[in-house]
Amino acid sequence: MEETNREAVATAVQRVAGMLQRSDQLDKVEQYRRREARKKASVEARLKAAIQSQLDGVRTGLSQLHNALGDVKDIQNSLADVSKDWRQSINTIENLKDVKDAVVQHSQLASAVENLKNIFSVPEIVADTQVLIEQAELLEAHRKLMDLECSRDDLMYEQYRMDSKNTHDMNLIRNYFGEVQGLSDDLAKQLWMVLQRAMGTVRRDPTMLVSVVRIIEREEKIDRRMLDRKKQTGFIPPGRPKSWKEKMFEVLEGTVTTRIEGSQSVTREADKMWMVRLLEITRKYVLDDLIVVKNLMVQCFPPHYNTFDRFFKLYHNAVSMRVQELAAEDLEANEIVSLLTWVLNTYKSEEMMGHPELLTEYDINLMDPLLPQEVVDELLSKYLQTFTSNITGWLRKALETDKKDWFKETEPEADQDGYYQTTLPAIVFQMFEQNLQVAAQINETFKEQVLKLCLKQMNSFLVRYREEAIAYKEDHLRDRQLPQCYVQYMIAIINNCHTFKESINSLKKKYFKSTEPTQNDAAIEKTLNDVAKDGCQFLLDEVFLDLEHHLNELLTRKWLTGTHAVDTICVTVEDYFNDFAKIKKPFNTEMTSEAHRRVVVEYIKAVMQKRITFKNADERREGADRMIKEAEQFKFLFRKLTAGEETDRLCDAIAAIAEVFKLTDPTLLYLEVSTLVSKYPDIREEHIVALLAMRGDASRDMKQMIMETLNQNKPTYSGITQPIFKDITVPTVTMTSIPSLFK
């Protein structure tokens, strides 16, 4: 307290010091004093008011506690009076036990009297009810059954109330009404039978189905009432609760399942298209049944049953279960596609669950998938494995069939433009097309997977195709008389490569959205080109085998004295190329160019082999003129074969060589040889040596001078498009001491 006073005094001193810091403030001391006096009076008034309020509250609390104490004493006195009255009435309550027993007995007797008519007529009612059940008078039968059950249940309840432990009397009542439970079971069988045939019943006699639903609803209400009484009394009649509503839904579910499974009578052994037929039957049954549910059956059930939704889910679950059973079987490739197409596309389409009549009742997008995704993926993987195996076998068989045609004695068929062909490309791509159409029914991704697989198998197939074409050529070389139509079928093999390319591009354009090349494109393109080039080479080999004898006559003494070798060569080449005209472009064009180059090369090879050495200027002139003439023959032939295209450069090489032979003044040989080298820079020193040796009049010194001069003025080889001398070899070198022209 003292400390508080000190703090208050210190605060006051500090406050006064703050007010009287200047001398002019001393004049206001009285004013400050009055103001502080007013504040003090105000604070004291508030303190007095607060203290008075606290005192009033304490006074009120004490008054209420005093009143509560009086009330507690009054209650205590009242409880004492009640306790006294209760002790006095115990004897009176015990005296009322007889009254209680009499009341219970009266209740039992009243119940017995009330059910007396039914009790005495139980056997008769049971018999009547049995007849009504057999006659399908279900509502009337159920009414009588309810009367019997009500009488039995009331009697048993009263007995239970009187003495729940008296099992003898309870069993006596139960035995007397023993046949009632049998009636209930018989009636239930009739109800389930009607429900099992609900789809037919609702079309023929919907009132029967309505009666069944009404009976089940009545029993459901009785079940609820009996369960409520059990909670209160502990008593429940025998056979309760019947739970017929729950049983009804189980029966309907079993009916739907049986209806789905009952349509599966088709087997693989009886019909190869069993899967398609089975799924179509299922589709028809499900759609027809759901339309019947929507238009007829919904009206037979209470609205709160959500009948259509319930049946829609029942059918969906039943179909899903059946489809999963089918997916677990050892299915073939076509069966897998049929199943997945139906599951992924048909099921939700307008042909089935997406039918216009059903869309208004249920959102198909809320349905769970018929098959889990892992099962779908497993089936797709299995299909690809089976398809890979099958397509390998199909391609092998198609090639074997095509090979047999190669040995026929009749020419292959020609297309509308007259080009030879076989049926192999059509068979192969018809096979691809069919499988791609099937795969497209599933989804786009799977279709592209199948296309890539087809292209991969196509690449392997073309490798075997090339091997068989080579073997076909080798068989022919063993006996050139066989097969009789070797040339025509080799042409067909070449043309097939063109058809394969077109078909592959067509398939990719039709079934592949992306324009990006696949990983097999380059390999397929290369293999097809190799097959075509091999075929063209084989045909040219055939031509030059026939020309071999005539080519050997070139640049010989016999040729110089007069021979028809070149005439025969031109006639033979033209004859062959009449057949080769049935080769499609660009292979036809490439083959003509190669034949032209090869004829010229063989001619120049004859020159380089030095089969003849001219003895004098007359022989050189005669040989040169003959070479120029024959070069013109070749020009004429290949202009004709190439429809007028420029083909002179190759043949001009023969004429250029002839000019070297034709020159009469040996001193000008250097200029003529230089001209030849400038035109054909791929010519080598051994070629020039061979030409000079064949000319026969060039001295050793002249040859040495020509070669040295050419070596000093070496031409630049720029990689010309059609080198002529590059692949021509000279058997022997006549001047081993001559320095190399191309160091």
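Reply: A disulfide is a pair of cysteine sulfur atoms within 2.5 Å. Before we use that, remember that this is a predicted model: local features need pLDDT of at least 70, side-chain atom pairs count only at pLDDT 80 or more, and totals for chains, interfaces and linings use all residues. Residues are numbered from 1 along each chain as its sequence is written, and side-chain values use heavy atoms, with hydrogens and water left out.

How many disulfides are there? The structure holds 0. Take C454: the nearest cysteine sulfur to its own belongs to C497, and that one is 19 Å away, leaving C454 in no disulfide. C651 is in no disulfide either, and there the nearest cysteine sulfur, that of C570, is 9.0 Å away. C454 has 1% relative accessibility, so it counts as buried (under 20% relative accessible area is buried, over 50% exposed and anything in between partly exposed, with a 1.4 Å probe and protein chains only). C651 is buried as well, because its relative accessibility is 0%.

Now for the rings. The structure holds 23 aromatic pairs (rings of Phe, Tyr and Trp, using its six-membered ring, with centres within 6.5 Å; planes under 30 degrees apart are stacked, over 60 edge-to-face, the rest tilted). One of them joins Y603 and F634: the ring centres are 5.9 Å apart and the planes meet at 85°, so this pair is edge-to-face. Y603 sits in helix α23 (residues 587-608) and F634 in helix α24 (residues 617-641), so the pair ties together parts that are 31 residues apart in sequence. Helices here are DSSP runs (H or I, at least four residues), numbered from the N terminus. Are these two partners buried or exposed? Y603 is buried, because its relative accessible area is 1%, and F634, at 1% relative accessibility, counts as buried too.

Elsewhere, ring pairs build a whole cluster, linking W406, F407, F429, F432, F461, Y465, Y472, Y486 and F500.

Some rings have a charge over them (NZ of Lys or CZ of Arg within 6 Å of the ring centre and within 35 degrees of the ring normal). The charged end of K582 is over the ring of Y420, 5.2 Å from the centre of that ring. The charged end of R259 is over the ring of Y285, at 5.0 Å from the ring centre. Hold on to R259, which comes back in a moment.

On a 1 Å grid over the protein atoms alone, a cavity is a set of points where a 1.4 Å probe fits but cannot get out, a pocket is an open set with protein on both sides within 12 Å along at least five of seven lines, and lining residues have an atom within 4 Å of a point. A volume is the space filled by probe spheres set on the points, which are joined across faces, edges and corners.

A search of the whole structure turns up 3 cavities of 30 Å³ or more. The largest cavity holds about 50 Å³ of space. Here is R259 again, in a lining with L195, A198, M199, L252, T255, V256, F311 and Y315. Helices α9 (198-204), α11 (244-262) and α13 (307-327) each give that lining at least two residues, and α11 gives the most, with 4. By class, that lining has 7 nonpolar, 1 polar and 1 charged residues (Ala, Val, Leu, Ile, Met, Phe, Trp, Tyr, Cys and Pro are nonpolar, Asp, Glu, Lys and Arg charged, the others, Gly among them, polar).

The second largest cavity has about 40 Å³. It has 10 lining residues, and L279, T282, V319, R322 and V323 lie nearest its centre. Both α12 (274-295) and α13 supply at least two residues of this lining, with α13 providing the largest share, 4 residues. The classes here are 7 nonpolar, 2 polar and 1 charged.

What about the largest pocket? About 330 Å³ of space lies in it. Its lining takes in 21 residues, and those nearest its centre are V276, N334, V337, S338 and V438. At least two residues each come from α12, α14 (333-346), α16 (373-406) and α17 (424-440). The top contributor is α14, with 7 residues. The lining divides into 10 nonpolar, 8 polar and 3 charged residues.

A last stop is Y383, found in helix α16. Y383 is buried, because its relative accessible area is 3%. Its C-alpha atom is 49 Å from that of A188, which is 195 residues away along the chain.
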